Amino acid sequence: MAPTSQFPIINMALLAGEERPAAMQLLHDACENWGFFEILNHGISTELMDEVEKMTKDHYKRVREQRFLEFASKTLKQGCDGQGVKAEDLDWESTFFVRHLPESNISEIPDLDDDYRRVMKRFAAELEKLAERLLGLLCENLGLEKGYLTRAFRGPAGAPTFGTKVSSYPPCPRPDLVKGLRAHTDAGGIILLFQDDRVGGLQLLKDGEWVDVPPMRHSIVVNLGDQLEVITNGRYKSVMHRVVAQTDGNRMSIASFYNPGSDAVISPAPALVEEEAGGAYPRFVFEDYMKLYVRHKFEAKEPRFEAFKSMETETSNRIAIA
């Protein structure tokens, strides 16, 4: 296990003062060398975060805990779930997903009370603003024109895809048998995570070693998805990460994914492509990438990129022959 002492933690309050250049450099280094960082003083009120945490944990206890315990008991006893999927190919998590953009579905999700829906809507609005602020800072560090990344994400329909995965990782008596969440990179754009500050388990892969992402009160953990790796032509990279199941404690995880719209055409930004070398990454429609991703989520990202590069080459050859 690699040490976490160097894990990048960025105080966003410093962006408004004399220490802005140093904070921007730390952000740039985090995106280049880690693909992950943690932010403090991000503008979301601690009162709202406390409310979200309390309601999320209460909802799990009230609605989801018994269902999960029944699933867990059968899985550990039989070594597989009801569909015959082996325990090592399952994730020890209880989740539900809320879509915010392009159209919200929060009113359609069963078992959420009105207060929880209201608080989650407020939280999502704050996260959306924070995601767009962070994309603006990335543009600045990369030398891209202002608003380039948000425009790239919006696509022809003019809206990104934005949603939240609410997860609980209950205590696991057999962490040797089943993972909390298997290792993967995230398919999309920029991911904002509000995680439990008492129960750890999130790890990222750096230089061949797994590094703990330190739980911190009222922080937001940020990581970059595959689409930002493509748009930045590899300057910034998505990183493999996982959740290790814990024998004690129930870990809360609220991960919000600010992704391109389904119709957005993703390719390296021309300003980041050297003319001689060309783009190292393919051009594709985000929806097509997602169709491939869902079949190969827990595998390396490089074959996904190569698959689309091969399709590009075949298309170019057909045009040349025609």
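Reply: Let's begin with the terms. On a 1 Å grid over the protein atoms alone, a cavity is a set of points where a 1.4 Å probe fits but cannot get out, while a pocket is an open set with protein on both sides within 12 Å along at least five of seven lines; lining residues have an atom within 4 Å of a point. Points are joined across faces, edges and corners, and the volume is the space filled by probe spheres set on them. Now the case here: the largest cavity holds about 40 Å³ of space. This is a predicted model, where local features need pLDDT of at least 70 and side-chain atom pairs count only at pLDDT 80 or more, but totals for chains, interfaces and linings use all residues. Residues are numbered from 1 along each chain as its sequence is written, and side-chain values use heavy atoms, leaving out hydrogens and water.

Me: Why use a probe at all?

Reply: Rolling a probe the size of a water molecule over the atoms shows where empty space is left. In this structure, two cavities of 30 Å³ or more turn up.

Me: Which residues line the largest cavity?

Reply: Its lining is Ile10, Met12, Leu15, Ala23, Met24, Leu27, Ile39, Leu134 and Leu137. H1 and helix H3 (114-142) are the elements giving two or more residues each, and H1 has the largest share, with three. Helices here are DSSP runs of H or I with at least four residues, strands are runs of E with at least two, and both are numbered from the N terminus.

Me: How does that lining divide by class?

Reply: For classes, Ala, Val, Leu, Ile, Met, Phe, Trp, Tyr, Cys and Pro are nonpolar, Asp, Glu, Lys and Arg are charged, and the others, Gly among them, are polar. This lining has nine nonpolar residues, no polar and no charged. The second largest cavity also has about 40 Å³ of space, but its lining has three nonpolar, two polar and four charged residues. Glu53, Asp196, Asp197 and Arg217 are among the residues there.

Me: And what is the volume of the largest pocket?

Reply: About 620 Å³. There are 33 residues in its lining, with Phe97, Lys165, Asp186, Phe257 and Lys297 nearest the centre. E4 gives the most, six residues; other elements supplying at least two include strand E11 (251-259) and helix H6 (286-296). By class, the lining has 17 nonpolar, 10 polar and six charged residues.

Me: What about the second largest pocket?

Reply: That one has about 200 Å³ of space. It is lined by 16 residues, and Leu205, Ser238, Val239, Met240 and Lys301 lie nearest its centre. Helix H1 (20-33) gives the most to this lining, with three residues. The classes come to six nonpolar, four polar and six charged.

Me: How do I put the whole chain in context?

Reply: With 322 residues, a compact globule would come out near 20 Å, and the chain has 20 Å, so the two agree. For burial, buried means under 20% relative accessible area, exposed over 50%, and partly exposed in between (1.4 Å probe, protein chains only). In this chain, 49% of the 322 residues count as buried. Its secondary structure comes to seven helices and 13 strands.

Note on methods
The radius of gyration is taken over C-alpha atoms; the globule rule is 2.2 Å times the number of residues to the power 0.38.
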